[in-house]
Amino acid sequence: MSKFRVAVDVGGTFTDVFVFNEKTGNISVTKTSSTPSNPEIGILDGIKKANISGNEISMFSHGTTVGTNALIERKLPKTALITTRGFRDIPEIRRGTKQDLWDAYIDVAPPYIRRRDRFELNERVDYAGNVLVEVQEKEIRTLAQKLKKRGVESIAICFMNSYINNSNELKTINILQEEIPDVYICASSSILPEIFEHERMSTTIINAVLGPKVSNYIHSLEEKIKEKGYEGDILVLHSGGGVMTSETVPKYAARLASSGIAAGAIASKYIANLCGFKNAIGLDMGGTSTDISLVYDGQLKITKDWFIEYGYPIGFPSIEILTIGAGGGSLAWVDEGRSLRNGPQSAGAVPGPACYQRGGEEPTNTDANLVLGRLSTELLDGQMSLDKEAALKVVRKIGEQFGYTDEEAANAILKVANANMCDALRLISVRKGYDPRDFALVAFGGAGALHSAYLAKEIDIPNVIVPAHPGVAAAMGCLLVDVRHDVSKTFVKDIQETNVEELEKEFMTLELEATNLLKQEGIAHENMNLIRYLEMRYLGQWRTLSTPIGRPIQSLETALNTFHKEHERAYAFLNPDQNVEIYGLRVEAIGVVPKPEIVKESPEGKLEDAVKSYRDVYFEEAEGYVNTPVYDRKKIPTLSVLQGPAILDQLDSTVVLPPSFTAEVDSYKNIIMTYKK
Amino acid sequence: MSLTIKSNLEDVSSKSIHQSKLDPVTFEVLKNGFINLVDQMAEQILRTCYSFVIFNRDFSCAMCDANGNTIMQGTQDISVHVGTLHLTAKAVIEDFGDDIHPGDVFLVNDPYRGGTHFNDVRVIRPVFYNGKIISFMQANGHWADMGGSTPGSFDVNSKDHYGEGIRIPPVRIWSKGEYLKDVANLLVSNMRIPEERLGDLRSQAVATKVGENQLLQLVEKYGIETILTAFDEVQDYVEFMTREKVKKMPNGTWETTDFIDMDPEAGDGLIPIKVKMTVKDDQIFYDLSGSHPYISIFLNSGFGAALSATYAGTKTFFPDIPLNSGFYRVVQTYLPENSVVNAPWPVAVTGFCSGAYEKIMNSCFELWSNIMPERALACSFNLEYLLVGGNDKREGYNNQYFMWYDWMPGGHGGRIDRDGANALTAVFGLGMMIQPSEGQERLSPVLTTKLEILTDSAGPGEFRGGCGVEKGGILQNIENTVMSYCCDRSRSITWGIFGGLPSIPHGVWLNPDKENKQFLGTVFSNVKLKNGDMFTRPSAGGGGLGDPLKRDIEAVLDDVIDEYVSIERAKKDYGVVIKEIDRDLDQFEIDVEATRETRQYIRENRKKWLEEDVNVVFEKYQKGEVDHLDLIRRYGIVLDLGTNTVLQKSTAQNREMMRKRSLSYWD
């Protein structure tokens, strides 16, 4: 009988399969190699390796980098843009800016659609929605034939001001569908009816270039899994931190552009909640980069300001994730000004850190951790061994420049790496008005738990959580989400000039659209949950703040107060005397999906028996090497309390518990580390 | 006050190697911490500002030490403000001396004291520790209006600053924590839409507070001694790093001349800005002697902005060096007094950013291109902004005052191994965002009719310049409406290097497709507009790099397919003969034989064309035998586009530079 919930996270190197047994509450984890050209194969391999058959699966949830990779590698279908006469270069002009302001030889990535494939029609709508020029049927049909001749596979339509009146866009899409019915077509007004042509057009284009690709992929995966006996829907994780079914994938393909990255953030939210924390910072540290996310009051922070490649925004709300070039493989180096630097260059998988003995000749964080004894020379249960001599040799290169011993050099390398990560943690917390002292740090990914205690100490985060399976937390994230859609529109009015009735009416329209989506996906009415937001700002300001409002709306007063309060929290001041303007409306539509309930475990065995060995580990705060117990994390009984220093080894990760830290293991096998001053 | 900038460089040159008193970890941590602190101020401004100019990223922040030297600027700061923020911090110190107290906040926008122009308003907050000043936090933002006769405060008719807007010497705006409402009111009452200006003031003031808090936390953690040491060492580090890099450059002197279009009172004649650069061991010296005396229009630059141009021009070739006063110690600049690059009070300098500034910066690019060809960069399009201000008669807009304040992206210069970037914002500040037309249409009664890449706008070269764009608009439901424009390079056209060619002239056209078509030029203000008037303007493409006859034929074909280049100009500029088979299917054919012949023909004649009698060529132009782009790219002839006549003197000056930059590289 179907009893397994299966979540699959397909990454660049590994496909992680996370299986939750609904009957027993057991969790099992399988890793297989990814098969980038045909990700379905890796997924099916993983399921096979996990030893379950299709008809035993009750729910299949999936995070994928298919969309991200297609964009970056430009492996896209032949796509055309159709826009208002005079505006076909918007995707190339963008907002005109560069990410690297000073280096004239670092360019913004080229547009997804070349100029030759961008077409114009005579049409125009003004700022108020008046049609100045109606689009002509004949012109559309002529263009359709031209596109057909050119073998176009996908079309993005975005007209000026269509967010306020989409009649020309609709007319165009209808006629095109008649003329070239096999082509994937999407119009900006049905995807993201929001003001600002570049952002809307960019989202529409990304939707169009990904649409055929991700739809085909999901359908093909669905068929293959059906063949294995699975009968349910495939749930696909999207950037907004929810899932959608294959039904809606074609409509919102651009939301899959960062499907893979969102999973880790969701997992960190879940884990923090499991441990009783409402505020958490997620730290997902891998080999080359670290993803940082923030949960405040039980909610992941959402942004509308994101992209896969700079210059090409995707306007759908997305979990705010800060990715920095700091990981186990980040290189330590000394610059021309004789300053010790760390990253962003990385040794990557090849050649990798020097201790991997694959030709790496520069010191990395992994080498430094090995030199200090924090990493064992045997990883992955002995499947991989590290060469300490090689690590010493490269770390020494740094030491020689500053007159340091090997340990001092390794320690300095890690301190700079930690400082860089702390800057990133500040960026997402302090800089946005959050006090780190109110948060827990959830550390996962292969390298997160090696560094996390020191990061927390540095920026005053009182607790560090290391989940039971740090290496596959992202896959778990895929199992923990609801179906979610965000429907929004631009609506500009001084809050004094509108009223509850008008807003209620606007929201009802958005909600109808949202519930229709959920219905299509088979969500029962009682499992639908709608949350309304007003985007607001002080009149004259440019940025908006998203403020939740009741359903039905009780009064605008409450929303106003929340806005003032949030403005003060985020920007350190408020101005109750000033007029507040509503700028947009948004409905977050949740289709609640039952979550796995992870079972508590009673303690079994003795803590002493979990000690594998003792080894010398260097801690600066202990002024040198300390003979430190190394635990086998699997064998540590729940509810144990450990005093630092200690090293906790497990299959895919190592936890460093420095001196002056205490670790408690909770009933869910999470480790919670705290610093004793 | 001395207007001649003398550096103390001799005193500190060739300092022994950078020896830190701090351990390398503390140093690196604090250095990054300082960058983070400044960026945090920037984030605060971005999220709370009122001026859309600031919102579109015309602002910069800095943390200065107790002497006003810049310890760190932000990573996203725009180039025009680089190397001026320490000058305004020093101006506050100079004026207030001991009379600076905890809780004080100062304002300054004075270009004669090291500021750039009036719109760049700096908010400066001293930070105290144990009763002593340890730092000044500074937030500089471009306020949308500073008063004066013209909306946006860009009046080309003002010869001195009195008509331009309000000049703010260092002024106290918070005293010991108390907000001086009367002073603030006095200032903003002289500006259009005063409430917004107060909003900007507040946004910037809170940002400096954010910086103060962050710094005091660092002091708490590391101790005051460590922090003060780090202040010095971060500057020494940048100085040392810069010197190490400069040491690797060959010693020598390089010079060039760029031009502002004209002094309107003098008529025909380009206004030379001469830049001579000397690299000696680990120092860089710029000498701008021989630059023209200041002119009768606001395109002059004050000393601060001119210094900034040399810093920013240098920094572009050393992109990974952080910005602080350590960098400024390595770069020594001489600016002749009373010149167009060092205009004294009260000469108008508000348009410096379109005038002297970009000429100095692009000259620096050219000079460094000789030393570091791997980073070579031809001239980029000129910063420009158009301002339409008046009453909005649309329904629901209550006749309120609108300001349509617009700047365009354009083409950047060709590079050593690739084309220049298409449609990028000006080198003046690459973080400045282009505004969305949909947003503008809501705010102002101006309907954008097009915003598109302009075919053939790029300067030809083996690697062509980036393409410029054209933006057009139509005015509806307006009253009492005027238009002003600040730009340059309708005569001193964006040039190529290493054999590359110029692009196209800048300038605004009124009613371009109608009988009353009129060229308004590149600098004008308060031109009256009526309902139904249309206007359009191009931005120049970048100058080309290398001989266009050596451009890869396939690259020319690609440009033709994408309509970056027309079939006609492919032949005239690149000598590549292309036949259209079916544009609908991107089918074109290269005529190899005709291409060989055409290239040969151009090669044999082009040197002569640059010498050909101007009047003879102009006659051919009038007969339609040669066109306007031929005049520019083949004959080096400069026209007055308003009257469609030849400018003899400007042409002679232009040809001389074109011979140096283009002809001397041709076979």
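**Chain B, overall**

I started with chain B and counted 17 helices and 24 strands. Helices (H or I, at least four residues) and strands (E, at least two) are DSSP runs, numbered from the N terminus. The model is predicted, so I kept in mind that local features need pLDDT of at least 70 and side-chain atom pairs count only at pLDDT 80 or more, while totals for chains, interfaces and linings use all residues. Residues are numbered from 1 along each chain as its sequence is written, and chains are lettered from A and ligands numbered from 1 in the order in which they are written.

The C-alpha atoms of chain B fill a box of roughly 80 × 65 × 50 Å along the principal axes.

Of the 667 residues in chain B, 59% count as buried. A residue is buried if 20 or more other C-beta atoms lie within 10 Å of its own, exposed if 12 or fewer, and partly exposed in between, with C-beta atoms placed from the backbone.

**Domains of chain B**

I noted domain 1 (21-244), domain 2 (383-546) and domain 3 (610-667) in chain B; these bounds come from an automatic or database domain assignment. The C-alpha centres of domain 1 and domain 2 of chain B are 31 Å apart. Between these two, 17 residues of domain 1 of chain B are in contact with 18 residues of domain 2 of chain B. Contact here is C-beta atoms, placed from the backbone, within 7 Å.

**Chain A, overall**

I then turned to chain A and found 15 helices and 37 strands. Its radius of gyration is 26 Å, close to the 26 Å that the globule rule gives for 677 residues, so chain A is as compact as a globular protein of that length. The C-alpha trace of chain A spans about 80 × 65 × 55 Å along its principal axes. Buried residues make up 53% of the 677 residues in chain A.

**Core**

I looked for the largest nonpolar core and found 386 residues in it, of which A:Ile155, A:Ile413 and A:Leu441 touch the most other members. Helix α11 (residues 406-428) of chain A gives the most to this core, with 12 residues. Such a core is a set of buried Ala, Val, Leu, Ile, Met, Phe, Trp, Tyr and Cys residues joined through C-beta atoms within 7 Å. Leaving out residues up to four places away in sequence, I listed partners of A:Leu441, among them A:Ile281, A:Leu283, A:Ser452 and A:Val464.

**Contact between the chains**

I counted 67 residues from chain B and 53 residues from chain A in the contact. On the side of chain B that touches chain A, α2(B) gives the most, with 13 residues. That side has 31 nonpolar, 15 polar and 21 charged residues. Here Ala, Val, Leu, Ile, Met, Phe, Trp, Tyr, Cys and Pro count as nonpolar, Asp, Glu, Lys and Arg as charged, and the others, Gly among them, as polar.

**Annotation on chain A**

I checked UniProt (unreviewed entry), which lists residues 493-520 of chain A as "coiled-coil region". UniProt positions are in the numbering used here, feature names are shortened, and annotations may be inferred rather than shown by experiment. In the model, residues 493-520 of chain A are 75% helix and 7% strand, with end C-alpha atoms 33 Å apart.

Terms used
The radius of gyration is taken over C-alpha atoms; the globule rule is 2.2 Å times the number of residues to the power 0.38.
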